There are 4 protein chains.
Amino acid sequence: MLYVGVVGSGECDEETGLLAYEVGKEIAAHRAVLVCGGLGGVMEQACRGCKEAGGVSLGILPGSKRQEANPYVSYAITTGMGEMRNFLVVRCSDVLIAISGEHGTLSEIAIALKEKKKVVALRPSYHLQGLEMARSPKEAVKKALF
Amino acid sequence: MLYVGVVGSGECDEETGLLAYEVGKEIAAHRAVLVCGGLGGVMEQACRGCKEAGGVSLGILPGSKRQEANPYVSYAITTGMGEMRNFLVVRCSDVLIAISGEHGTLSEIAIALKEKKKVVALRPSYHLQGLEMARSPKEAVKKALF
Amino acid sequence: MLYVGVVGSGECDEETGLLAYEVGKEIAAHRAVLVCGGLGGVMEQACRGCKEAGGVSLGILPGSKRQEANPYVSYAITTGMGEMRNFLVVRCSDVLIAISGEHGTLSEIAIALKEKKKVVALRPSYHLQGLEMARSPKEAVKKALF
Amino acid sequence: MLYVGVVGSGECDEETGLLAYEVGKEIAAHRAVLVCGGLGGVMEQACRGCKEAGGVSLGILPGSKRQEANPYVSYAITTGMGEMRNFLVVRCSDVLIAISGEHGTLSEIAIALKEKKKVVALRPSYHLQGLEMARSPKEAVKKALF
């Protein structure tokens with residue numbers, strides 16, 4: 001069973017959210033586990049897609065309260081470690097899909113690349129050597145899984 | 001949905017293992033989520049019971065490899081934080097059931113009591129103020145959940 | 001150069017504070033580095049004694065603001081990890097001196113014993129196998145260092 | 001007292017090492033505390049410069065053994081958290097100076113920017129919005145401190 005991390009901003013525009021939603025659906029369709037930071041924006045839309053397609057998502061939260069998770073997270077892991085939990089999101093994931101994103105997302109991409117994990121980027125905000133580009137949610141999940 | 005942490009030694013005698021197995025079954029029967037350190041001994045037997053009864057367990061591992069989890073863990077969270085992951089086991093749990101155990105278990109009990117979480121002890125190795133004693137797996141889970 | 005962890009409550013009575021103060025002075029007199037959680041009570045009094053005797057203390061803080069350290073800490077390490085920083089206090093220390101204390105202190109003692117580190121107890125609140133008892137600050141530091 | 005984080009690769013060419021060495025000297029000359037990851041390369045050369053100029057450096061190590069620190073670190077903090085300690089390096093620092101560097105360095109830059117901390121870059125490998133560029137060690141430390 002593969003664990004696919006989905007990283008991106010905690011707030012996002014509708015179009016980005018739709019990409020995340022489709023990525024979540026695809027992950028579930030392939031029976032992989034979705035790992036994310038458990039909050040809003042890209043994380044929430046990915047979890048929503050995953051849930052609708054009958055999949056399982058793990059939300060690794062910065063805070064200590066499980067209620068802070070978005071309502072689509074299957075299992076929420078409270079850490080109380082603040083942004084340091086980004087490291088855990090990467091560590092739990094076999095591969096990462098980065099959707100748009102800002103500095104927090106960039107830190108997760110950089111950690112994953114340092115740990116030699118595959119990172120697939122969908123509409124990336126950053127262009128780094130080593131990122132695999134995808135043009136659609138379907139392609140992103142395919143590149144992540146195969 | 002309640003998250004019940006089960007803590008105890010990574011190696012245990014048969015009798016202790018049986019208690020852990022029954023606790024795992026009871027947790028699943030009550031549709032709570034079992035949280036543990038994901039390794040052997042008490043953790044493994046609790047996960048086994050949980051799985052057999054159709055429940056879900058989260059294994060929060062000290063290392064970075066998911067294969068280190070016992071085979072009954074539903075979802076394994078790799079941390080690479082070593083024993084520091086004990087803190088995460090406590091933080092993720094609404095309530096703790098401590099089964100026998102040694103120094104690692106004692107640290108988890110102490111952290112939980114400091115965070116004002118309920119700790120139910122089954123055949124405890126330590127007697128601390130604030131522990132709720134249980135005489136059977138059934139009673140332990142009942143005291144944990146109600 | 002040895003690093004001696006001093007653990008105890010963040011609030012303490014005068015008598016306990018005096019013990020901590022003397023322990024801090026002794027640690028400095030032996031040119032060891034004092035490690036603690038950086039806050040008040042036992043931690044503050046130990047740092048005060050250390051500073052007055054010309055020693056160096058490291059305060060490993062739960063929060064993200066260096067100003068939360070007591071005024072006698074030489075160098076403050078902000079972690080933002082909350083009580084999880086207790087683990088770092090133990091990990092940075094070659095040996096631990098526990099002065100009185102409550103659940104947080106107990107968790108640190110248990111972690112140290114699990115990691116096979118020497119723990120010297122001064123007026124302990126807990127009696128655990130493996131603790132070395134000391135009757136005075138001088139004796140505590142001597143037992144810690146030799 | 002300001003804490004200046006110096007981040008860069010654990011292995012570096014001579015020229016980069018010289019920049020780090022000069023940065024370390026400048027930090028000490030301004031009586032700031034140097035914070036780093038405690039290992040080789042840029043970290044080691046910065047600590048060496050700092051030590052030669054009579055300054056103090058904190059080395060926040062990924063492992064659990066203090067001997068893994070480079071020989072110029074004043075005080076070594078063992079974490080056992082692996083690369084997750086990068087977060088602590090950033091958290092302990094008021095401002096960051098990034099010297100060249102690879103993915104690990106990029107993760108630290110990204111975390112610092114996310115936490116709204118100033119990041120000064122000297123011969124950067126990455127060009128990100130929000131980085132302040134410096135052309136010399138002197139200028140880097142001046143930009144960091146003022």
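## How chains D and C meet

All of the interface residues of chain D, 100%, are also interface residues in chain C, so the copies meet through the same surface. This is a predicted model: local features need pLDDT of at least 70, side-chain atom pairs count only at pLDDT 80 or more, and totals for chains, interfaces and linings use all residues. Residues are numbered from 1 along each chain as its sequence is written, chains are lettered from A and ligands numbered from 1 in the order in which they are written, and side-chain values use heavy atoms, with hydrogens and water left out.

The superposition is by least squares on the C-alpha atoms of residues with pLDDT of at least 70 in both copies.

## The D–C interface

Here 20 residues of chain D are in contact with 20 residues of chain C. Contact means heavy atoms within 4.5 Å. The buried area is about 1700 Å², and carbon and sulfur atoms give 56% of it. Arg66(D), Tyr75(D) and Arg91(D) supply 35% of the area that chain D buries against chain C, more than any other three residues. Buried area is the accessible area (1.4 Å probe) that two parts lose on being put together, summed over both.

Two salt bridges cross the interface of chain D and chain C. Asp94(D) forms a salt bridge with Arg66(C), with the closest N and O atoms 2.7 Å apart. The rule asks for a side-chain nitrogen of Lys or Arg within 4 Å of a carboxyl oxygen of Asp or Glu. Ten residue pairs across this interface are in polar contact, both residues at pLDDT 80 or more. A polar contact is a pair of N or O atoms within 3.5 Å; within protein, one must be able to donate a hydrogen and the other to accept it, and residues adjacent in sequence count only if both atoms are side-chain atoms. Strand E4 (75-78) and helix H3 (85-92) of chain D are the elements that give two or more residues to the side touching chain C. The largest share, four residues, comes from E4(D). That side of chain D divides into twelve nonpolar, five polar and three charged residues.

Two sets of terms apply here. Helices (H or I, at least four residues) and strands (E, at least two) are DSSP runs, numbered from the N terminus. Ala, Val, Leu, Ile, Met, Phe, Trp, Tyr, Cys and Pro count as nonpolar, Asp, Glu, Lys and Arg as charged, and the others, Gly among them, as polar.

## The C–B interface

Chain C also meets chain B. The contact takes 19 residues from each of chain C and chain B. About 1600 Å² is buried between them, and carbon and sulfur atoms give 78% of that area. Met84(C), Phe87(C) and His103(C) supply 35% of the area that chain C buries against chain B, more than any other three residues.

Between chain C and chain B the count of salt bridges is zero. Helix H3 (85-92) and helix H4 (103-114) of chain C each supply at least two residues of the side that touches chain B. H4(C) gives the largest share, eight residues. This side of chain C divides into ten nonpolar, six polar and three charged residues.

A rotation of 180° with 0.0 Å of shift along its axis superposes chain C on chain B, at an RMSD of 0.0 Å. Of the residues of chain C, Ser107(C) comes closest to the rotation axis, its C-alpha at 2.2 Å. The same surface serves both copies: 100% of the contact residues of chain C recur in chain B.

## A buried strand residue

Ile99(A) sits in strand E5 (residues 95-99) of chain A. Ile99(A) is buried, with a relative accessible area of 0%. Buried means under 20% relative accessible area, exposed over 50%, and partly exposed in between (1.4 Å probe, protein chains only).

Not counting residues up to four places away in sequence, Ile99(A) touches Val6(A), Val7(A), Gly8(A), Thr16(A), Leu19(A), Ala20(A), Val23(A), Val42(A) and Leu122(A). Ile99(A) and Cys12(A) are 87 residues apart in sequence and 9.9 Å apart in space, C-alpha to C-alpha.

## Two positive phi angles

Lys116(B) is not a glycine, yet has a positive phi of about 60°. Lys116(B) is in the loop between helix H4 (103-114) and strand E6 (118-122) of chain B. At 75% relative accessibility, Lys116(B) counts as exposed.

Arg123(C), also not a glycine, has a positive phi of about 45°. The loop between strand E6 (118-122) and strand E7 (132-134) of chain C holds Arg123(C). Arg123(C) counts as partly exposed, at 33% relative accessibility.
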